[in-house]
Amino acid sequence: MLSYRHSFHAGNHADVLKHTVLSLILAAMKEKDKPFLYLDTHAGAGRYLLNSDRAERTGEYHDGIARIWQREDCPALLEPYLTVIRHYNRSGSLRYYPGSPLIARQLLREHDRLHLTELHSSDYPLLRNEFQKDPRAEVLRADGYQQLKSQLPPLSRRGVILIDPPYEMKTDYQDVVAGIQEGYKRFATGVYALWYPVVLRQHVKRILAGLEKTGIRRILQIELAIRPDSDQRGMTASGMIVINPPWTLEQQMNELLPWLHQALVPGGIGHTLVRWITPE
């Protein structure tokens, strides 16, 4: 199974895709004045030092965020995401990569709320320290899937739920479907964004089949592959599954993905994908 400790992989191609999609979703949510909840079930440490031993051991960010963050020809749709990257690297040197909670913190407004959970004993204190002075944020050491029961629906009746587990156990591929189903029962109008890795394609097919069986409609799949599927060790692609996506997201990703693929995979191998798992 994949052992996805984020400090080894921060800023890689999967993060670029995930955080691009997340940034576009948050931007769309802000088009209405009414506040919303951002709920992050597996929030991680918050920020990652890219010159750390862990990050440099894999060097994955060199083929991810490092390829695009200072390019002058980036599409305008990437600007919300890249603005956050530059905020945390104001010296002009790429030292830090902000995880999903920090990207949300920068993009949310004063009247929006953040609810962040992390179980890992090393990551939780780092996450708590990042947000200790942010009155909008609640940070708990708790099971992320339980938050889909206890925190939904939010009082504002508007919300973005990011589900981004480490997929260290085979059961994670079933747990994400069960978690979404539980959340959807309580909050059917929320935007649910699920990240998945492609290590073995059969695991992704299991998620897709599970979601189809729930009967939930409006499920969009977005995928970026840096090489063809393989039965060898390692992640060949990653994707985002978005339930109730903003109406603009499909077209935005159809515009962005070819540029991202060319920028991150100059050799042209791999693929991109935007498709509806279940439409309206």
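Predicted model: local features only at pLDDT ≥ 70, side-chain atom pairs only at ≥ 80, totals over all residues.

A: Helix H2 itself covers residues 13-29, a run of 17 residues. From its first C-alpha to its last, H2 reaches 25 Å, close to the 24 Å expected at 1.5 Å a residue. Of the 17 residues of H2, 16 are buried, so the helix is largely enclosed by the rest of the structure.

Helix H9 may be set beside it. H9 spans residues 201-214 and has 14 residues. Its reach from first to last C-alpha is 21 Å, close to an expected 20 Å. The buried residues in H9 are His203, Val204, Ile207, Leu208, Gly210, Leu211 and Thr214. Seen down the axis of H9, these buried residues fall within an arc of 160 degrees, so they line one face of the helix. The face turned away from that buried side carries Lys205 and Lys213, both exposed.

The cover over the buried residues of H9 includes helix H8 (172-186) and the strands E7 (191-198), E8 (219-225), E9 (237-243) and E10 (271-278). After H9 comes Gly215, whose phi is positive, near 85 degrees. The loop between H9 and E8 also holds Arg218, which has a positive phi of about 55 degrees although it is not a glycine. Arg218 is buried, with a relative accessible area of 19%, where the cut-off for buried is under 20%.

Asn244 lies in the loop between E9 and helix H10 (249-264). Asn244 has a positive phi of about 60 degrees, although it is not a glycine, and it is buried, with a relative accessible area of 13%.

These helices belong to a protein whose secondary structure comes to ten helices and ten strands. Of its 280 residues, 58% count as buried. Among contacts between residues at least 6 apart in sequence, 76% join residues at least 24 apart.

Methods. Residues numbered from 1 in each chain as written. Heavy atoms only, no water. Helix = DSSP H or I, 4+ residues; strand = E, 2+ residues; numbered from the N terminus. Expected span 1.5 Å × (residues − 1). Buried < 20%, exposed > 50% of the residue type's maximum accessible area, 1.4 Å probe, protein only. Arc of directions from axis to C-beta. Contact = heavy atoms within 4.5 Å.
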